[in-house]
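Try each task by eye first, then read the solution.

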Amino acid sequence: MSSISSVTLLGSGVLGGQIAWHSAFKGKNVVVYDIAEDALTHCREAHQQYAAIYAGSLGASETDIAATHGRLTFTTDIADAVRGADLVIEAVPEIPDVKTVVFKEIADLLPEHTLVATNSSTLLPSTFAEATGRPEKFCALHFGNGIWAMNFAEIMAHALTARSTLTQITEFAIEIGMMPIPVRKEQNGYVVNTWTLALSNAAQTLVTNGISTPEDVDRSFMKFGFPIGPFGMLDQVNMKTAFDILAYWGEVRDDRQMTANAQWIKENLIDKGRHGAQSGAGYYTWPEPAFMAPDFLAIPDISKVPEIVSLLLPS
Ligand code: NAD
């Protein structure tokens with residue numbers, strides 16, 4: 001059993017909020033920290049939604065839900081947030097400079113024994129090891145969106161991570177019901193985001209370049225038997241994180257198509273207030289997105305042929 005009983009989440013957005021809720025549900029005491037008070041308010045609202053999901057899908061009792069709420073505290077004071085932590089999990093935006101500043105901020109505030117992990121989707125732990133001031137106690141611990149169902153945790157060391165840190169982190173992951181996925185060498189994107197980034201970028205390229213629509217790309221994907229397509233998934237990631245990832249990697253890899261894809265997301269979604277599923281709209285309108293409608297994969301009526309053919313001809 002790990003010695004991790006108190007966990008602090010830095011960042012209370014989509015993933016920080018989910019990791020916090022799930023860890024508390026599994027019996028950990030959790031402090032949620034964010035720079036913005038209104039982000040903590042959104043996080044509490046999201047926790048009400050998760051409570052309904054855990055009661056409905058996971059059979060959580062009213063007592064379980066009340067105990068989960070009871071193990072969660074929220075603060076905008078970073079010193080208070082990390083003072084009693086056995087493990088700090090960073091889940092601030094996917095922007096290297098923002099993460100570096102946060103790691104430097106907590107370095108002198110942490111108790112000696114505290115472990116630190118990054119939930120970064122695509123960045124390497126070696127990038128931040130020095131900023132933490134405790135490289136041997138630091139690694140990546142990456143969770144999936146929809147943590148209650150996507151219950152895997154990718155664990156990735158950097159050159160100086162101690163074996164004891166990896167032991168504690170892996171035990172923690174198992175204790176909170178995650179399937180550990182050890183990533184044997186540092187890899188941007190771990191296992192999961194190596195293929196999801198390629199998939200999302202390919203799907204978005206089809207839309208950016210006017211080849212297809214989010215609905216048709218998702219239809220073609222779901223016909224393989226998947227319950228959701230790349231755009232349904234991207235909506236759940238949230239548009240800001242999708243933008244940050246595509247913009248950053250577009251620049252690093254000098255990949256113009258990826259940069260154009262990031263720009264498309266900004267102009268067509270973010271700038272129009274469509275921030276993804278949690279905001280009520282992204283590519284789809286939530287909470288009942290079109291791809292969940294019973295007729296989404298139905299063969300169209302033959303009367304639709306002129307409409308379909310007009311899409312095949314230059315306008
Ligand atoms: P988000 O935008 O939903 O949340 C980020 C939160 O960090 C916001 O509440 C913001 O107020 C807060 N924040 C910003 N600067 C801060 C600072 N200096 N100190 C503390 N809080 C700060 O982002 P997200 O989607 O939850 O992503 C967070 C991290 O998790 C990223 O590294 C992302 O790549 C990773 N991740 C995201 C997903 C996903 O599906 N969204 C999945 C796995 C991992």
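**Exercise 1.** Of the 25 residues around the ligand, which come nearest?

Solution. Keep in mind that this is a predicted model. Start with the shell: Asp34, Glu94, Lys99, Ser121 and Thr241 come nearest to the ligand. For Asn145, the distance from a side-chain N or O atom to a ligand oxygen is 3.1 Å. Now for the cover: on its own the ligand exposes 830 Å², and the protein buries 87% of that.

**Exercise 2.** Work out which elements build the shell and where the ligand lies relative to the domains.

Solution. First, list the elements that give two or more residues: α1 (14-25), α5 (96-107) and β6 (138-143). Of the shell, α5 provides the largest share, three residues. Then sort by class: twelve nonpolar, ten polar and three charged. Finally, domain 1 (6-183) and domain 2 (192-288) both contribute to the shell, so the ligand lies between them.

**Exercise 3.** What is the volume of the second largest pocket, and which residues lie closest to its centre?

Solution. The volume is about 690 Å³. Among the 18 lining residues, Asp216, Arg219, Glu307, Ile308 and Leu311 are closest to the centre. Moving to the elements, α9 (214-222) and α13 (305-312) each supply at least two lining residues, with the largest share, four residues, coming from α13. By class, the lining splits into nine nonpolar, three polar and six charged residues.

Note on methods: Residues numbered from 1 in each chain as written. Predicted model: local features only at pLDDT ≥ 70, side-chain atom pairs only at ≥ 80, totals over all residues. Heavy atoms only, no water. Near = heavy atom within 4 Å. Polar contact = N/O pair within 3.5 Å; in protein donor to acceptor, adjacent residues only side chain to side chain. Areas by Shrake-Rupley, 256 points an atom, 1.4 Å probe, with all protein chains shown as cover. Nonpolar A, V, L, I, M, F, W, Y, C, P; charged D, E, K, R; others polar. Domains from an automatic or database assignment. 1 Å grid on protein atoms, 1.4 Å probe; cavity = no way out; pocket = protein on both sides within 12 Å on 5 of 7 lines; lining within 4 Å. Points joined across faces, edges and corners; volume = space filled by probe spheres on them.
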